[in-house]
Every structure is written in structure tokens, then in C-alpha cells.
Amino acid sequence: MNSDDLIATLASDLRPVPRHALGQRVGLGLIAGAVVTAAAVVWWLGLRPDLMPAMHGATFWIKWAYTISLAICATAATARLARPDGATGVWLPLMALPVLGLALIAGWELAMTPPAQWLAMWLGQSWMVCSRNVFLLALPIFAGLLWSFRRFAPTRLGLAGMTGGVAAGAWGATLYCLHCPETSALFVLTWYSLGVIGAGLLGRLLGPRLLRW
Amino acid sequence: MRHGDDHLRALMLAGLAGDSAAHAALLRTLLPALRGFFRRRLGGRDDDVEDLVQETLIAVHQRRATYDPNRPFGSWLYAIARYKLIDRYRRSGRTTPLEDLPELADEFDFAEASDARADLDRLLDAIPAKQAAVLRATRIEGLSTAEAAERLGLGESDVKVSAHRGIKALADRVRGSWR
């Protein structure tokens with residue numbers, strides 16, 4: 001087709017683009033994935049039986065503050081990388097804050113606990129499955145993000161894949177908190193983070209292949 | 001014809017609001033700039049050039065939601081064109097020195113180029129007419145001293161002296177305006 005005809009064809013079915021179309025599309029992809037992940041938490045893993053009383057305690061909210069703040073930073077970075085001239089700005093370095101904050105709490109926790117119990121606190125009841133579960137719960141959310149990126153124009157595919165993976169991992173971890181009864185900050189800092197990093201690495205690997213346009 | 005970034009941005013915004021005439025006008029305006037951009041990079045493979053131009057136009061259309069109205073249109077367009085170019089290199093298995101590409105932004109930024117031309121005109125207007133004419137002939141059009149002398153009806157040494165004085169006068173003016 002010659003280029004003038006192409007232009008005529010492209011312009012002929014022009015639909016207006018709402019001002020926040022990009023953000024809405026990211027949100028839609030995340031929510032669609034999160035619904036699947038939430039269903040998996042409820043029917044596959046099961047909600048923690050003490051969820052209601054736990055929500056009145058501090059540890060539950062510390063966990064959520066950690067995973068949600070990570071998720072917000074990674075989501076914001078990912079949304080910015082959806083633009084061809086996008087840069088992550090402050091969002092990636094900002095992720096150091098929740099990590100440092102949780103590390104401080106973990107340090108305080110260690111100081112308050114006799115060294116003989118450190119290992120038990122670190123491994124909890126579920127260290128063998130925690131990272132894996134976070135990683136698996138990230139997958140539907142990552143798929144939702146991939147869907148939303150089909151209309152985007154990322155140019156740094158590896159980085160966009162990685163931040164998308166981290167965002168999916170952190171949102172997945174947020175929902176995993178509804179199942180996981182572990183209370184130690186050290187546990188969360190290690191095993192949750194490991195699952196999130198795994199999701200980020202997966203995104204880093206898949207980004208250049210799946211985000212091309 | 002001058003297409004500043006503001007003009008392109010205005011067309012883009014109208015297109016985003018659903019104005020298909022503005023959208024078509026934008027894409028038509030981009031055609032020559034994109035052709036020039038890809039032609040310089042691909043060196044004469046005109047089928048590839050037109051392919052890439054069309055791919056870029058389609059991307060500009062399909063992915064127009066990724067344009068941030070608060071940012072210059074040129075850098076958005078350039079990022080898309082550059083991506084398409086790199087993608088083409090990658091597919092053809094050719095390795096490209098990516099670090100060379102950012103400099104191309106200057107070649108591509110037609111708004112900036114026309115601004116620079118306007119600046120140059122203003123500067124040349126501010127120095128004596130003979131010196132300006134000599135500089136235009138020798139430094140901008142690239143004529144030799146002999147050709148310039150013949151065209152302007154001056155002696156060759158006069159051309160050399162005028163060019164020298166003209167450059168000095170320009171330098172003084174530029175330095176003066178920076179203070």
C-alpha cells in the first residue's frame with residue numbers, strides 16, 4: 001500500500017483517546033490478573049483462618065505496607081516505561097525505602113529475640129513454599145500487564161519486563177498475605193522478596209521476547 | 001515550510017480528541033521527516049525505507065495513547081522511529097552500535113533545525129552585508145573562495161578577509177548575547 005493510502009486508512013477510523021487511557025489500561029490489566037490471583041489464594045491456598053483478628057495487629061499491616069509500597073513503585077515505573085520516551089525516574093531507587101524500613105524492623109526483631117530462636121524465626125513454618133507461592137501468584141498479574149502492554153510502545157523491553165515482573169510479584173505478595181500467617185519481618189524480607197525478585201527475573205527474560213511491537 | 005514541535009503537538013492533541021482531519025494532517029506532515037530519517041540510516045534501500053516509514057506511521061497511530069501531552073512531540077516520535085530502526089537491525093541479524101543512535105536526535109529534530117536556521121539568519125543580519133554574503137557563500141553553501149569571489153564580484157583576497165572579519169564579528173555577537 002502506498003503511504004498516502006495508508007494514512008487515509010488509519011485516519012478513517014479514528015477514535016478519541018481519553019486523557020488517562022494509558023493508566024486505565026495498566027489498571028485494567030493489573031485488576032484482571034489480580035482477580036485470578038485472589039481466586040487462587042481463596043480456593044487453592046485458602047485464607048488464613050485468623051485473618052480478621054490478624055488485621056487488627058501490627059504485623060499484618062507491616063507486611064502490607066512493605067508489599068504494597070513495593071508494588072506501587074514498580075507499577076509506576078512500569079507505566080512510565082510503557083511510553084517510548086519513558087524513563088523510570090525516581091520510582092526504582094524509591095523501592096530501596098520499604099526494603100530498608102523492613103530491614104530496620106527485622107534488625108530490631110533480631111535484637112529482641114534470643115539468638116537460639118533466630119533460625120526458627122527466619123524460616124518460619126513455610127519458608128520452603130513461600131517464595132514459590134509468591135512467584136506463582138505473580139503470574140496471572142504479569143499476564144494481565146502483558147495484555148495491557150499490547151497497545152503500548154516500550155523501548156526498553158528488558159527493563160519494562162523486569163519492573164512489570166516486580167510489580168506483579170509485589171501485588172501477588174500482597175494477596176498472598178491473606179493466606180500466609182507468618183509474622184516475622186525477617187521472614188518477609190527474605191522469602192517474600194525472593195519471590196518478587198524471581199518474578200522480576202522472569203519479566204527480565206520474557207520482556208525482550210513478549211513486549212516487542 | 002516550518003513545522004515546529006508546537007504545531008505537531010497541536011495536531012496530535014486534536015487527533016487524540018478524535019479529529020481525524022488533524023490526525024491525517026499530522027501523519028502526512030511526518031512523512032518527509034521520517035523518510036529522511038530512515039533514508040540516512042539505511043543508505044539507499046528505498047523499499048526498506050518505505051516499510052519502516054509505514055511501520056512507524058502505524059505505530060504512531062495505534063500507540064498514540066502512549067503520547068504524554070506534557071512532553072515534546074518530537075522526542076516521542078523519535079523514540080518510536082528509533083525503536084523501529086533498531087528492531088529492523090535486530091531482525092536482520094545485524095548488530096548496530098546503539099550508542100551511536102542518540103546523536104541522531106539532532107538530525108531528526110526538525111523543529112530545532114529550523115530554529116537554528118532562524119538564529120543563524122538573525123546573526124547574519126546583524127553583521128555588515130558584505131561579510132554576511134561572503135559567509136553565506138563560503139560557509140553555508142560551501143563554495144570555494146574563487147567561486148564566491150566570482151559570484152559576488154569581489155577579489156579573492158577581499159573574500160578571505162571578509163570571511164575572517166565576518167566570523168570574528170559573529171563570534172563577538174554570540175559572546176555578547178551570552179552575557
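**Questions on chains A and B**

Reader: How many residues does the contact take from chain A and from chain B?
Author: In this predicted model, local features need a pLDDT of at least 70 and side-chain atom pairs count only at pLDDT 80 or more, while totals for chains, interfaces and linings use all residues. Residues are numbered from 1 along each chain as its sequence is written, and chains are lettered from A and ligands numbered from 1 in the order in which they are written. Two residues are in contact if their C-beta atoms, placed from the backbone, lie within 7 Å. On that basis, the contact takes 23 residues from chain A and, from chain B, 30 residues.

Reader: Which helix gives the most to the side of chain A that touches chain B?
Author: Helices are DSSP runs of H or I with at least four residues, strands are runs of E with at least two, and both are numbered from the N terminus. In chain A, α1 (3–12) and α2 (21–45) each supply at least two residues of the side that touches chain B. With seven residues, the element that gives the most to this side is α1(A).

Reader: How many residues of the side of chain A that touches chain B are nonpolar?
Author: Ala, Val, Leu, Ile, Met, Phe, Trp, Tyr, Cys and Pro count as nonpolar, Asp, Glu, Lys and Arg as charged, and the others, Gly among them, as polar. On this side of chain A three residues are polar and five are charged, and the number of nonpolar ones is 15.

Reader: At what angle do α4(A) and α6(A) pack?
Author: Axes are lines fitted to C-alpha atoms, for helices over the stretch in contact, and angles run from 0 to 180 degrees between N-to-C directions. For helix α4 (residues 58–81) and helix α6 (residues 96–112) of chain A, the axes lie 9 Å apart and the packing angle is about 160°. Because angles over 145 degrees count as roughly antiparallel, with those under 35 roughly parallel, 65 to 115 roughly perpendicular and the rest oblique, α4(A) is roughly antiparallel to α6(A). The angle asked for is therefore about 160°.

Reader: Which residues of α6(A) make the contact with α4(A)?
Author: From α4(A), the contact is made by A:Ile62, A:Tyr66, A:Ser69 and A:Leu70. By class, the contact of the two helices has six nonpolar, one polar and no charged residues. The residues on the α6(A) side are A:Pro98, A:Leu102 and A:Ile105.

Reader: What share of the residues of chain B count as buried?
Author: A residue is buried if 20 or more other C-beta atoms, placed from the backbone, lie within 10 Å of its own, exposed if 12 or fewer do, and partly exposed in between. Chain A, with ten helices and zero strands, has 44% of its 213 residues buried. Chain B has nine helices and zero strands, and in its helix α7 (residues 129–140) the buried residues are B:Gln131, B:Val134, B:Leu135, B:Ala137 and B:Thr138. Of the 179 residues of chain B, the buried share is 28%.

Reader: Which helix of chain B has the lowest mean pLDDT?
Author: The pLDDT is the predictor's confidence in each residue, from 0 to 100, and chain B averages 81, with 82% of the residues scoring at least 70. Over residues 102–107 of chain B the pLDDT is below 50, and this stretch has two contacts in the model beyond near neighbours in sequence. Helix α1 (residues 5–16) of chain B has the highest mean among the elements, 91, whereas the lowest, 47, belongs to residues 104–108, helix α5 of chain B.
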